[in-house]
Amino acid sequence: MTRHTAACRLNSPEETADLAASIAGALRPGDCLLLEGVIGAGKTHFCRHLIQSLMDVPEDVPSPTFTLVQTYDVPAGELWHSDLYRLSSLDELEELGLTEAFENAICLVEWPDRLAELTPAHALHLTLSLVPGADDQRDIQFAWSDPKWQPLIERITA
Ligand SMILES: Nc1ncnc2c1ncn2[C@@H]1O[C@H](COP(=O)(O)OP(=O)(O)O)[C@@H](O)[C@H]1O
Ligand SMILES: [Mg+2]
(Lines give C-alpha, C1' and ligand atoms only; values in the text may rest on other atoms or scores of the structure.)
(Ligands and ions follow the chains in the order given, each with its own letter.)
Protein backbone atom coordinates (compact mmCIF):
# COMPACT_ATOMS: atom_id res chain seq x y z
CA MET A 1 0.00 0.00 0.00
CA THR A 2 1.23 3.51 -0.81
CA ARG A 3 1.89 5.83 2.11
CA HIS A 4 0.27 9.25 1.84
CA THR A 5 1.03 12.36 3.89
CA ALA A 6 -0.42 15.81 4.51
CA ALA A 7 0.41 18.54 7.01
CA CYS A 8 -0.87 21.76 8.49
CA ARG A 9 -0.02 24.41 11.09
CA LEU A 10 -2.15 24.80 14.21
CA ASN A 11 -1.87 28.35 15.53
CA SER A 12 -3.43 27.87 18.97
CA PRO A 13 -4.78 25.21 21.35
CA GLU A 14 -8.26 26.21 20.10
CA GLU A 15 -7.33 25.44 16.49
CA THR A 16 -6.10 22.02 17.58
CA ALA A 17 -9.36 21.44 19.48
CA ASP A 18 -11.39 22.47 16.41
CA LEU A 19 -9.42 20.13 14.16
CA ALA A 20 -9.95 17.27 16.63
CA ALA A 21 -13.69 17.98 16.70
CA SER A 22 -13.89 18.06 12.92
CA ILE A 23 -12.26 14.61 12.72
CA ALA A 24 -14.37 13.16 15.54
CA GLY A 25 -17.68 12.88 13.69
CA ALA A 26 -16.12 10.90 10.84
CA LEU A 27 -14.79 8.13 13.10
CA ARG A 28 -16.40 4.69 13.14
CA PRO A 29 -15.64 1.50 15.11
CA GLY A 30 -12.48 -0.04 13.64
CA ASP A 31 -10.90 3.38 13.03
CA CYS A 32 -7.63 4.02 14.82
CA LEU A 33 -5.68 7.27 15.30
CA LEU A 34 -2.04 6.92 16.39
CA LEU A 35 -0.70 10.12 17.97
CA GLU A 36 3.02 10.71 18.03
CA GLY A 37 5.03 13.63 19.39
CA VAL A 38 7.18 14.59 22.37
CA ILE A 39 5.78 15.17 25.89
CA GLY A 40 3.79 18.40 25.76
CA ALA A 41 3.24 18.26 22.00
CA GLY A 42 -0.55 18.20 22.49
CA LYS A 43 -1.55 14.54 22.03
CA THR A 44 -3.80 14.46 25.09
CA HIS A 45 -5.19 17.93 24.30
CA PHE A 46 -6.18 16.68 20.83
CA CYS A 47 -7.76 13.46 22.19
CA ARG A 48 -9.59 15.23 25.02
CA HIS A 49 -11.27 17.68 22.63
CA LEU A 50 -12.02 14.96 20.11
CA ILE A 51 -13.76 12.89 22.79
CA GLN A 52 -15.56 15.82 24.42
CA SER A 53 -16.92 16.97 21.07
CA LEU A 54 -18.74 13.62 20.81
CA MET A 55 -20.34 13.81 24.27
CA ASP A 56 -23.90 15.00 24.76
CA VAL A 57 -23.12 15.82 28.37
CA PRO A 58 -19.48 16.95 28.68
CA GLU A 59 -17.46 14.74 31.03
CA ASP A 60 -13.94 14.97 32.31
CA VAL A 61 -11.41 13.27 30.01
CA PRO A 62 -8.37 12.46 32.16
CA SER A 63 -5.02 11.53 30.60
CA PRO A 64 -4.68 7.72 30.60
CA THR A 65 -0.99 7.97 31.56
CA PHE A 66 -1.36 5.71 34.60
CA THR A 67 -4.42 3.63 33.70
CA LEU A 68 -3.08 3.04 30.15
CA VAL A 69 -6.67 2.98 28.85
CA GLN A 70 -9.88 4.97 29.40
CA THR A 71 -13.03 3.94 27.56
CA TYR A 72 -16.03 6.05 26.59
CA ASP A 73 -19.42 5.40 25.04
CA VAL A 74 -19.99 7.80 22.16
CA PRO A 75 -22.86 7.81 19.63
CA ALA A 76 -20.85 5.83 17.02
CA GLY A 77 -19.90 3.12 19.55
CA GLU A 78 -17.15 2.48 22.06
CA LEU A 79 -14.09 4.75 22.08
CA TRP A 80 -10.77 3.75 23.65
CA HIS A 81 -8.21 6.41 24.61
CA SER A 82 -4.87 4.92 25.53
CA ASP A 83 -1.42 6.17 26.47
CA LEU A 84 1.17 3.42 26.08
CA TYR A 85 4.13 5.36 27.51
CA ARG A 86 4.23 3.01 30.51
CA LEU A 87 3.45 -0.19 28.65
CA SER A 88 5.75 -2.92 29.92
CA SER A 89 5.26 -5.60 27.27
CA LEU A 90 3.24 -6.47 24.20
CA ASP A 91 1.48 -9.16 26.29
CA GLU A 92 0.00 -6.36 28.39
CA LEU A 93 -1.70 -5.06 25.24
CA GLU A 94 -3.55 -8.32 24.79
CA GLU A 95 -4.51 -8.31 28.49
CA LEU A 96 -5.89 -4.79 28.17
CA GLY A 97 -7.93 -5.95 25.18
CA LEU A 98 -6.48 -3.24 22.97
CA THR A 99 -5.74 -5.49 20.00
CA GLU A 100 -9.39 -6.54 20.00
CA ALA A 101 -10.48 -2.92 20.37
CA PHE A 102 -8.56 -2.08 17.17
CA GLU A 103 -11.21 -4.13 15.36
CA ASN A 104 -14.34 -3.18 17.34
CA ALA A 105 -13.88 0.30 18.75
CA ILE A 106 -12.69 3.77 17.81
CA CYS A 107 -9.14 3.90 19.18
CA LEU A 108 -6.93 6.88 19.99
CA VAL A 109 -3.39 5.86 20.95
CA GLU A 110 -0.65 8.06 22.42
CA TRP A 111 2.94 6.67 22.24
CA PRO A 112 2.01 4.18 19.49
CA ASP A 113 5.69 3.31 18.90
CA ARG A 114 5.14 0.87 21.80
CA LEU A 115 2.84 -1.19 19.55
CA ALA A 116 5.76 -2.41 17.43
CA GLU A 117 4.51 -5.21 15.16
CA LEU A 118 0.97 -4.84 16.54
CA THR A 119 0.59 -1.41 14.88
CA PRO A 120 -2.67 -1.58 12.90
CA ALA A 121 -1.98 -1.17 9.16
CA HIS A 122 -5.28 0.68 8.64
CA ALA A 123 -4.47 3.44 11.20
CA LEU A 124 -4.17 7.16 10.59
CA HIS A 125 -0.84 8.43 11.99
CA LEU A 126 -0.77 11.97 13.41
CA THR A 127 2.49 13.56 14.48
CA LEU A 128 2.40 16.77 16.52
CA SER A 129 5.55 18.89 16.66
CA LEU A 130 6.50 21.98 18.60
CA VAL A 131 7.22 25.16 16.63
CA PRO A 132 10.45 26.82 17.83
CA GLY A 133 9.78 30.22 19.40
CA ALA A 134 5.97 29.88 19.28
CA ASP A 135 4.56 28.32 22.50
CA ASP A 136 0.99 28.17 21.18
CA GLN A 137 1.70 26.75 17.73
CA ARG A 138 2.07 23.17 16.60
CA ASP A 139 2.63 21.45 13.28
CA ILE A 140 0.61 18.34 12.59
CA GLN A 141 1.48 15.73 10.01
CA PHE A 142 -0.90 13.02 8.84
CA ALA A 143 0.29 9.75 7.32
CA TRP A 144 -1.84 6.85 6.13
CA SER A 145 -1.88 3.89 3.76
CA ASP A 146 -5.54 2.89 3.93
CA PRO A 147 -7.42 4.91 1.24
CA LYS A 148 -10.42 5.26 3.58
CA TRP A 149 -8.69 8.29 5.17
CA GLN A 150 -8.35 10.26 1.92
CA PRO A 151 -11.73 12.10 1.96
CA LEU A 152 -11.38 13.10 5.61
CA ILE A 153 -7.87 14.49 5.12
CA GLU A 154 -8.91 16.36 1.98
CA ARG A 155 -11.77 17.95 3.90
CA ILE A 156 -9.75 19.03 6.93
CA THR A 157 -6.72 20.32 5.03
CA ALA A 158 -8.78 22.12 2.35
N1 LIG B 1 -1.54 24.64 19.23
C2 LIG B 1 -1.58 23.83 20.30
N3 LIG B 1 -2.14 22.60 20.18
C4 LIG B 1 -2.17 21.75 21.24
N5 LIG B 1 -1.71 22.03 22.47
C6 LIG B 1 -1.15 23.25 22.64
C7 LIG B 1 -1.06 24.18 21.57
N8 LIG B 1 -0.46 25.29 22.04
C9 LIG B 1 -0.19 25.07 23.33
N10 LIG B 1 -0.61 23.85 23.72
C11 LIG B 1 -0.50 23.31 25.08
O12 LIG B 1 0.44 22.25 25.10
C13 LIG B 1 0.09 21.33 26.13
C14 LIG B 1 0.02 19.94 25.56
O15 LIG B 1 -0.10 19.03 26.62
P16 LIG B 1 -0.61 17.55 26.39
O17 LIG B 1 -1.76 17.56 25.47
O18 LIG B 1 -0.77 16.93 27.74
O19 LIG B 1 0.67 16.91 25.64
P20 LIG B 1 1.05 15.39 25.37
O21 LIG B 1 -0.15 14.53 25.62
O22 LIG B 1 1.50 15.38 23.93
O23 LIG B 1 2.21 15.08 26.29
C24 LIG B 1 -1.26 21.77 26.70
O25 LIG B 1 -1.04 22.47 27.90
C26 LIG B 1 -1.79 22.70 25.62
O27 LIG B 1 -2.64 23.72 26.12
MG1 LIG C 1 -0.45 12.79 26.83
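Which exposed residues does the face of α5 turned away from its buried side carry? They are Pro151 and Glu154. Exposed means over 50% relative accessible area, buried under 20%, and partly exposed in between, with a 1.4 Å probe and protein chains only.

This is a predicted model, in which local features need pLDDT of at least 70 and side-chain atom pairs count only at pLDDT 80 or more, while totals for chains, interfaces and linings use all residues. Residues are numbered from 1 along each chain as its sequence is written, chains are lettered from A and ligands numbered from 1 in the order in which they are written, and side-chain values use heavy atoms, with hydrogens and water left out.

Back to α5, residues 150-157, where Leu152, Ile153 and Ile156 are buried. They are on the same side of α5 because they cover an arc of only 95° around the axis, the arc being that of the directions from the helix axis to the C-beta atoms. The buried residues of α5 pack against β1, α1, β6 and β7; contact means heavy atoms within 4.5 Å. Helices (H or I, at least four residues) and strands (E, at least two) are DSSP runs, numbered from the N terminus.

Threonine 44 sits in helix α2 and glutamate 110 in strand β5, 66 residues apart. Glutamate 110 counts as buried, at 2% relative accessibility.

Last, leucine 90, in helix α3, is partly exposed at 24%.
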